[in-house]
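Please look through the sequence and the model before reading on.

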Amino acid sequence: MSAVTLNEWRARIRTELDSVVDFWLKYSHDTVHGGFFTCLGKDGTVYDELKYVWLQGRQVWMYCRLYRTMDRFHRPDILEAAKAGGSFLRKFARVSGSGSDPWKCAFCLTRDGRAVKIQRTIFSECFYIMAMDELSRVTEDKDMQLEAEQMMEQLIFWVREDSSGLGRPQLPGDVPTNSMAVPMMLLCLVQQLTEGRGPEAELKYRELSSWCVEQILQHVQRDGTAILENVSVEGGEIPGCQGRLQNPGHALEAGWFLLQVSAQRGDGELQQTAINKFVELPYECGWDKEHGGLLYFLDVDGHCPTHLEWSMKLWWPHCEALIAFLMAYKQTKRPELLQRFSQLYEYTFSHFPDPEGGEWFGYLTREGKVALDFKGGPFKGLFHVPRCLYMCERLLDELLANDE
């Protein structure tokens, strides 16, 4: 690819990032109770006032990351929005006093912060940690950083020692599994908590980072021909639909997580595994050769997946794939990786962005038509799209700088 093409991609990505951020700044802020509305319709209209804790955390993190690392977003309105979101989270997200573990966070809240639902998972807490740590970096609030680190210790305890604090009963027929989402999130948090904090922080989480990588690599199955979403705790296949499930977008996201670790360690073998098994392989099996785009779920044995949305094209797998292929190309300069990025770019930018209303649609039919026209909901907030655009802009900046 020529520098002209890279510059064209960078210009479009930069424009999209500005537009997406402006959409959420304009429509999502609750100036009465604090926090953010995430259930936003096609035109930004709020269609539900419930506030989802993991999306609140993601939006705080995204604002802070943009404010801290990109000059054009180093603006008072973005900082104040992040601080207001962080204040709402600290005041209402944790549900101590309700019989739950004091570190447990709600899944969703009413507009004024009353807990509605708790999930028996770690994901609300994960994004609470990301938000608090990133916000502490722009506010220099050491108490906030300490809270993030303390909650991280609780997550590690839940995952590696005793999960009873999550509230999930131990049922006799429930077989323990290694879901790829858990080590992926912990690895993401290690990256967050150690970034720029010196050798002491790196040493503190080194063993956990290695454990996360090992757990993720267990999902390479069938003699290296498949990435399975769920495996046994011993690293083997499990029976049934759960064991045969593949999520190409999730594997691609794991791929660029592993690429980051391999670059930090100077680990060529891990880099090769990340690209071959977690980037190229899920792309090859997940790309819809008839209609284009990435299928959401697959069954490794070719059965019809039981998820009703299995054949849809969702925004976030394409976002993760763009990051993965561009990062892989930057590290290796293999031209076929940039060709894949180009193919993904053409599909993504011709199907998901809404040139009229702003932001991106999230849910397309297999044929690529808009199936659900809202811009935000319980699972789509200010995160996957802007994180992708932010990371791709920075990767393209580095590639262009190296070509000069």
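## Leu 193 and helix α6

Leu 193 is buried, with a relative accessible area of 1%; buried means under 20% relative accessible area, exposed over 50%, and partly exposed in between, with a 1.4 Å probe and protein chains only. This residue belongs to helix α6. Helices (H or I, at least four residues) and strands (E, at least two) are DSSP runs, numbered from the N terminus. Leaving aside residues up to four places away in sequence, Leu 193 touches Ile 129, Asp 133, Arg 137, Ala 148, Glu 149, Met 152, Ala 201 and Tyr 205. Contact here means heavy atoms within 4.5 Å. Leu 193 and Gln 145 are 48 residues apart in sequence, and their C-alpha atoms are 8.8 Å apart in space.

Helix α6 (residues 181–194) also holds Gln 191. Gln 191 is buried too, at 17% relative accessible area. Its contacts, not counting residues up to four places away in sequence, are Phe 257, Gln 260, Val 261 and Gln 264.

## Basis of the model

This is a predicted model, in which local features need pLDDT of at least 70 and side-chain atom pairs count only at pLDDT 80 or more, while totals for chains, interfaces and linings use all residues. Residues are numbered from 1 along each chain as its sequence is written, and side-chain values use heavy atoms, with hydrogens and water left out.

## The chain as a whole

The chain contains 13 helices and 14 strands. Its C-alpha atoms fill a box of roughly 55 × 50 × 45 Å, taken along the principal axes. For 404 residues, a compact globule would have a radius of gyration near 22 Å, and the 20 Å of the chain agrees with this. The radius of gyration is taken over C-alpha atoms, and the globule rule is 2.2 Å times the number of residues to the power 0.38.

Of the 404 residues, 56% count as buried. Among contacts in the chain with a separation of 6 or more, 66% come from residues 24 or more positions apart.

## Helix α5

Helix α5 (residues 142–160) includes Glu 147. The helix has 19 residues and reaches 27 Å from its first C-alpha to its last, close to the 27 Å expected at 1.5 Å a residue. The expected span of a helix is 1.5 Å times one less than its number of residues. At the start of α5, a side-chain oxygen of Asp 141 comes within 3.0 Å of the backbone nitrogen of Asp 143. A polar contact is a pair of N or O atoms within 3.5 Å; within protein, one must be able to donate a hydrogen and the other to accept it, and residues adjacent in sequence count only if both atoms are side-chain atoms.

The buried residues of α5 include Met 144, Gln 145, Ala 148, Met 152 and Trp 158. Their cover includes α3 (76–92), α4 (123–139), α6 and α7 (198–217). Glu 147 is buried, with a relative accessible area of 9%.

## Helix α10

The 19 residues of helix α10 (residues 268–286) should span 27 Å at 1.5 Å a residue, and the end C-alpha atoms are 26 Å apart, which agrees. Asp 267 caps the N-terminal end of α10, with a side-chain oxygen 3.2 Å from the backbone nitrogen of Glu 269.

At Glu 280 the helix α10 bends by about 30 degrees, and a proline, Pro 282, follows within four residues. The bend at a residue is the angle between axes fitted to the seven residues ending there and the seven starting there. Pro 282 is one of the buried residues of α10, which also include Leu 270, Phe 278 and Tyr 283.

## A three-stranded sheet

Three strands form an open sheet in the order β12-β13-β14, with antiparallel pairing. Strands β12 (313–314) and β14 (370–372) stand at the edges with a single partner strand each, so one side of each has no neighbour in the sheet. Two strands pair if DSSP finds at least two bridges between them. Strand β12 pairs with β13 (residues 363–364) over two bridges, and Leu 314 stands opposite Tyr 363 in β13.

## The loop between β7 and β8

Most residues other than glycine have a negative phi. Arg 222, although not a glycine, has a positive phi of about 55 degrees. Arg 222 lies in the loop between β7 (220–221) and β8 (226–227), and counts as partly exposed at 30% relative accessibility.

Asp 223 is in the loop between β7 and β8. Asp 223 likewise is not a glycine and has a positive phi of about 55 degrees. Asp 223 is exposed, with a relative accessible area of 86%.
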